[in-house]
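User: Hi! Could you walk me through this model?

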Amino acid sequence: MKKLFLLTFALLMTCSIYAQEQTYQTLPSVDIKTIDGKTFNTKDIVNDGKPVIISLWATWCKPCVAELLAISDVYDEWVEETGVKMYAIAIDDAKTAARVAPFVNGKGWEFVVLQDQNWDLKRALNIVDIPFLCVLNGKGEIVWQHTSYAPGSENEVFEVVKKVLKGEPIEVKH
Amino acid sequence: MKYKYLISILFVAFLLPAFAQNKIGSGKVSGDIAINGMFYMPDSLIGADKVDSKVRANSWINLNYVNGNLTIGTRYEYYANPLIDFEKIGYKGQGFTHYFADYKTDFIQVTVGTFYEQFGQGLSFRAYEDRQLGIDNSLLGARVKVNPFKGVSVKGIWGIERNNFDFDYTKRTDFIRGIDGEINVDEWIKFFSEKGINLSFGGSFVSKYEKSSEDIYFILFPNDSLISRTGTIPASKIPQNVGICAYRMNFGYKGFRLEAEYASKINDPNNSNQYIYKKGEALFTTLSYSTKGFGISGSFIRADNMDFRSQRSISTNSLMSINYIPAINRQYSYQLLGNYSYSSQPNDQIGFQGQINYRIAKGTKLGGKYGTDLTFNYSRFHSIDKVLVDEAVENGTYHGTDGYTSSFFKFGDDLLFQDLGFDITKKISKKWKLALSYNYLDYNLFVLQGHGELVHLHHVTSEVTYRVNDKHALRGELHALFTKEDMGNWVYGMVEYSISPKWFFTIADQYNYGNENDALKIHYYNISVAYVIGTTRIAANFGKTKEGILCIGGVCRAVPASYGVGINIATKF
């Protein structure tokens with residue numbers, strides 16, 4: 001079993017090294033829904049050449065909601081300064097899907113909210129755990145991504161957005 | 001030699017990111033790897049038995065290749081020596097569990113291989129997965145989706161449902177086929193779109209075929225009598241095709257929204273319904289209204305004899321469901337309520353759930369500088385009304401009869417679950433954030449978990465977040481559960497220190513201080529550390545997990561007590 005863990009570690013290290021030099025992935029084309037129940041293709045996630053933030057979350061995921069609350073507090077300033085647009089994609093299934101819209105409105109969030117009920121986008125993006133957040137540049141390429149939320153990590157997201165807007169390279173910090 | 005496979009997967013996994021760097025042709029490769037491992041130690045007090053294999057792990061790797069309209073992908077799952085709770089439910093084995101080729105344009109999408117799909121809310125059909133929980137009922141077959149006109153979509157599916165790691169499909173005598181259509185009326189009729197009205201209708205038909213070649217025998221003890229009686233339902237009387245029809249609508253105008261789906265199933269004698277011939281039906285509807293800072297919703301669900309599986313005689317613990325009857329109560333992630341989470345009863349439930357979300361605006365006296373979030377919630381679920389049919393009374397058994405009749409909107413006598421909850425979240429300053437909650441719950445242990453009685457409980461939580469600076473934060477939680485029944489009172493405390501975005505350090509303890517048995521007043525402590533770089537997360541924890549019940553997607557599973565060191569690694573590339 002030792003072998004297994006050693007191999008895994010070697011593998012993960014290698015992956016993260018490769019990840020640094022990897023060409024950017026674009027957002028896969030997947031049909032999800034708007035909160036009005038209409039089909040929405042993820043190709044249509046655009047912001048006139050400006051950066052886009054995408055968050056995958058769920059109403060039952062505490063750190064996800066904490067992250068969205070934190071971003072919501074400063075979202076006005078972010079939009080004003082950079083013109084960024086945020087898409088919050090809920091992965092709630094039929095248990096809680098119908099309550100996403102009242103939940104979001106009840107919190108007064110101004111993000112574009114979409115729904116991925118059967119996890120088609122989550123699978124296409126190879127997401128293991130939420131919260132997951134990524135930043136797209138004006139060409140729709142995923143230039144930065146992150147799993148999990150710790151208070152304060154929203155500041156880093158904004159730094160990335162500002163760099164993307166200026167066309168500066170994004171470093172993956174280690 | 002059991003590592004042979006694993007090493008070869010790791011080898012492939014090692015190479016693929018290398019390809020990804022340069023791309024293959026004009027396409028791109030992406031994937032994810034996860035390993036959830038545990039080193040088990042025995043602890044007789046909490047009931048963590050000595051396990052035959054101390055080191056266990058659930059692992060998988062997913063790979064997707066995208067080139068223009070074409071996507072191909074696969075997953076290898078290595079659960080040969082899985083975590084104890086997965087072993088107990090029979091989710092054990094290894095192999096390529098997911099492999100597909102998918103071609104998608106705006107007009108058509110064709111998938112061959114294994115796939116996931118959902119019709120409407122899922123009352124008639126849902127193939128889905130939650131791998132962390134060991135749920136995967138994908139179909140092996142083919143799917144076609146067509147969008148012939150704007151606002152119209154049609155889907156067709158055919159396939160054989162996955163049954164854990166049993167890949168011998170040649171032995172299977174069951175398969176599923178279905179069709180689903182949806183039309184958005186507002187994209188056709190100008191009046192609706194001009195008025196800002198959303199209106200769509202949909203419908204689906206799903207049919208399961210399963211060969212019926214053997215009689216079904218049953219033995220039972222009517223009215224708890226010690227004299228058993230036996231019976232037979234001849235194979236010729238068992239329907240080989242079982243169909244389910246569902247109709248749905250969705251209406252939205254300004255902040256109002258109404259969603260409804262109704263499904264009915266023809267006779268489907270099976271193990272879960274004691275082989276009755278009654279038709280099944282389900283209704284799930286939600287009405288909501290929301291405007292900025294305020295949201296209210298009410299949902300109603302009734303499910304009668306709607307358990308629908310690929311194999312009629314399979315155990316009710318299996319995951320081979322074709323449809324999805326959701327548990328619509330509010331989903332909590334509180335540790336102490338884990339044992340008392342409602343599980344959907346696809347054959348027998350009627351109930352409702354209402355919720356209000358309200359935000360007191362910032363800048364007001366009560367809202368303060370940052371605003372205050374309030375949530376109020378109430379739900380109640382009962383068994384459905386049932387009157388046994390004469391034949392069932394005469395025979396002393398449901399088997400082979402119509403079972404019962406039921407009045408549609410009448411609540412049955414058994415209360416299954418009730419939840420009254422209130423919570424408040426408030427950011428006090430740039431540094432401090434506070435959250436408080438209260439719940440009153442009634443939980444029918446006997447019906448939902450097969451033992452015990454009706455449990456009445458109060459549950460309170462408080463959570464404080466203190467931001468030391470831009471990167472460092474301290475979060476503390478204190479929860480308490482009060483009940484005179486079951487295991488008595490519990491308290492839970494947790495402290496987490498995080499250094500954004502990389503480090504998380506956590507210490508937590510659950511203490512069953514109210515247990516009547518002094519020997520069972522146990523501390524279930526846990527310490528953990530997690531490290532995150534980008535999309536790679538590595539976490540280790542040490543401690544005790546209490547024996548419990550995990551309920552998800554209509555299935556409840558026993559989680560055995562455990563003690564030891566856990567390692568979780570997940571990455572995507």
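Analyst: Happy to! Keep in mind that this is a predicted model.

User: How many residues of chain A are in contact with chain B?

Analyst: There are 58 residues of chain A in contact with 78 residues of chain B.

User: Which element of chain A gives the largest share of that side?

Analyst: That is H1(A), with 12 residues. Elements giving two or more residues to this side also include helix H2 (62–82) and helix H5 (153–166) of chain A. By type, the residues on the chain A side are 22 nonpolar, 24 polar and 12 charged.

User: Let's look at H2(A) and H5(A). At what angle do their axes cross?

Analyst: Roughly 25°, and the axes come within 10 Å. Angles under 35 degrees count as roughly parallel, so H2(A) is roughly parallel to H5(A). The crossing is right-handed.

User: Which residues make the contact?

Analyst: From H2(A), Glu67(A), Ala70(A), Ile71(A), Trp78(A) and Thr82(A) take part, and H5(A) brings Glu154(A), Phe158(A), Val161(A), Lys162(A) and Leu165(A). Six of the contact residues are nonpolar, one is polar and three are charged.

User: Switching to chain B: how many helices and strands are there?

Analyst: Chain B has five helices and 34 strands.

User: And why is chain B said to be as compact as a globular protein of that length?

Analyst: Because its radius of gyration is 26 Å, close to the 25 Å that the globule rule gives for 573 residues. The C-alpha atoms of chain B fill a box of roughly 70 × 65 × 65 Å along the principal axes.

User: What percentage of chain B is buried?

Analyst: Buried residues make up 39% of the 573 residues in chain B.

How values were computed
Residues numbered from 1 in each chain as written. Chains lettered and ligands numbered in written order. Predicted model: local features only at pLDDT ≥ 70, side-chain atom pairs only at ≥ 80, totals over all residues. Contact = placed C-beta atoms within 7 Å. Helix = DSSP H or I, 4+ residues; strand = E, 2+ residues; numbered from the N terminus. Nonpolar A, V, L, I, M, F, W, Y, C, P; charged D, E, K, R; others polar. Rg over C-alpha atoms; globule rule 2.2 N^0.38 Å. Buried ≥ 20, exposed ≤ 12 C-beta atoms within 10 Å, placed from the backbone. Axes fitted to C-alpha atoms, helices over the stretch in contact; angles between N-to-C directions. Parallel < 35°, antiparallel > 145°, perpendicular 65-115°, else oblique. Left-handed = near helix turned anticlockwise from the far one by under 90°.
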